[in-house]
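Subject: Structure handover

Hello,

Here is the structure for your files.

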Amino acid sequence: MRGFSTNAIHAGQEPDPTTGAVITPIHPSSTFAQDGVGGLRAGYEYSRSANPTRTALQECLAALEGGRHAVAFGSGMGASDVLMRVLLKPGDHMVIPHDAYGGTFRLVDKVLSQWGVEHSTVDLGDVDALRAAIRPTTRAIWCETPTNPLLGIADIAALADVARGAGARLVVDNTFASPYLQNPLALGADVVLHSTTKYVGGHSDVVGGALVTSDDELAEQILFTQNSVGSVPGPFDAWLTLRGVKTLAVRMERHCDNAERIAEMLSGHSAVSGVLYPGLAEHPGHEVAAKQMRRFGGMVSFTVAGGREAALRVCGATELFTLAESLGGVESLIEHPAAMTHASVSGSALEVPDSLVRLSVGIEDVEDLVEDLRTALDAA
């Protein structure tokens with residue numbers, strides 16, 4: 001069995017048989033010549049349905065997550081939309097985290113609700129609370145672990161047991177962990193979701209998403225629906241993502257190294273009232289995270305003692321941490337979730353504290369990052 005980095009560099013990426021090119025070619029063609037009516041060469045006819053560059057990415061992602069099938073999308077939300085169409089119909093019910101990503105909540109609360117799909121928000125770190133939320137109509141449990149932006153941890157294996165007992169599908173958004181740190185399919189999940197824009201691509205230069213599963217029938221339904229609605233990535237986007245994933249393992253090790261140092265510094269700073277990082281022993285999900293993750297990731301959130309205005313000042317005072325949405329790139333980012341990525345949950349059960357700051361810790365020299373944050377906090 002090949003190791004993670006070997007698969008990241010080689011799975012789906014054999015040298016081109018025509019030229020010997022060691023890097024997967026970009027196939028920008030929208031259509032493919034047929035050898036007679038219906039005689040498809042290697043299964044390709046039209047790039048909405050399939051494209052060789054996309055196939056290479058999908059084979060690589062499937063190998064990294066330990067699944068039989070991966071389907072790449074134009075964005076993580078495109079992947080979420082297709083999966084929800086496949087799993088749910090009007091009258092069905094789904095469970096989402098009580099601190100879900102704002103875009104996921106918006107899709108469920110503002111779009112699917114118009115289609116007659118009901119949802120409940122639950123702290124998925126509390127398995128008993130999940131059991132209490134299950135209804136006869138529950139068809140999907142949508143999990144993030146770690147969550148965005150509060151970095152909550154859910155026990156994937158325990159959730160999978162509940163899902164099986166309820167006849168529901170367990171979906172795990174693995175974006176924050178990446179396939180390098182966590183493999184939900186091995187823990188019982190039915191489907192893994194990624195915004196490949198984040199750690200998988202890793203360079204803040206491409207938007208994409210992916211679904212990975214070992215369920216053959218479910219994969220067929222996902223592919224059929226994707227082809228029907230057209231939420232596919234272009235070949236250059238697929239190529240950029242495939243290029244990024246080659247270095248995922250070494251990047252994640254550095255992200256984790258740096259995040260651990262940042263969390264340690266924040267924990268001792270007088271301007272910080274709380275640090276949310278599953279690598280800290282006092283984090284309520286630390287033991288579960290240690291059980292199901294290789295390391296604890298590159299995302300750190302913290303609350304500022306001075307409240308909203310002080311948090312905003314911190315976000316505006318850093319030099320190396322760029323004020324921007326998104327995450328998972330090689331550069332460090334800082335944001336105010338309540339006003340930025342999670343503005344859509346304002347006034348809902350998922351509203352986040354206005355003193356919260358979220359960091360995507362990059363791979364720069366950690367002493368520079370620590371000093372940048374310390375200076376910003378001292379000024380707040």
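The notes below cover a sheet and then a cavity.

Please keep in mind that this is a predicted model.

Sheet

Five strands make up an open sheet, and their order across it is β8-β9-β12-β11-β10. The pairing in this sheet is mixed. At the edges stand β8 (272-276) and β10 (322-323); each has a single partner strand, so one side of each is left without a neighbour in the sheet. Further in, β11 (residues 333-335) pairs with β12 (residues 356-360) in the antiparallel sense, over three bridges. Within that pair, L333 is found opposite S360 of β12.

Cavity

How many cavities of 30 Å³ or more does the whole structure hold? The search finds one. The volume of the largest cavity is about 40 Å³. Its lining consists of L57, A72, F73, T196, V207, G208, G209, P233, D237, A238 and T241. Two or more of these residues come from each of the elements β1 (69-73) and α9 (235-245). Which element gives the most to the lining? That is α9, with three residues.

By residue class, the lining of the largest cavity has six nonpolar residues, four polar ones and one charged.

Regards

How values were computed:
Residues numbered from 1 in each chain as written. Predicted model: local features only at pLDDT ≥ 70, side-chain atom pairs only at ≥ 80, totals over all residues. Heavy atoms only, no water. Pairing = 2+ DSSP bridges. Helix = DSSP H or I, 4+ residues; strand = E, 2+ residues; numbered from the N terminus. 1 Å grid on protein atoms, 1.4 Å probe; cavity = no way out; pocket = protein on both sides within 12 Å on 5 of 7 lines; lining within 4 Å. Points joined across faces, edges and corners; volume = space filled by probe spheres on them. Nonpolar A, V, L, I, M, F, W, Y, C, P; charged D, E, K, R; others polar.
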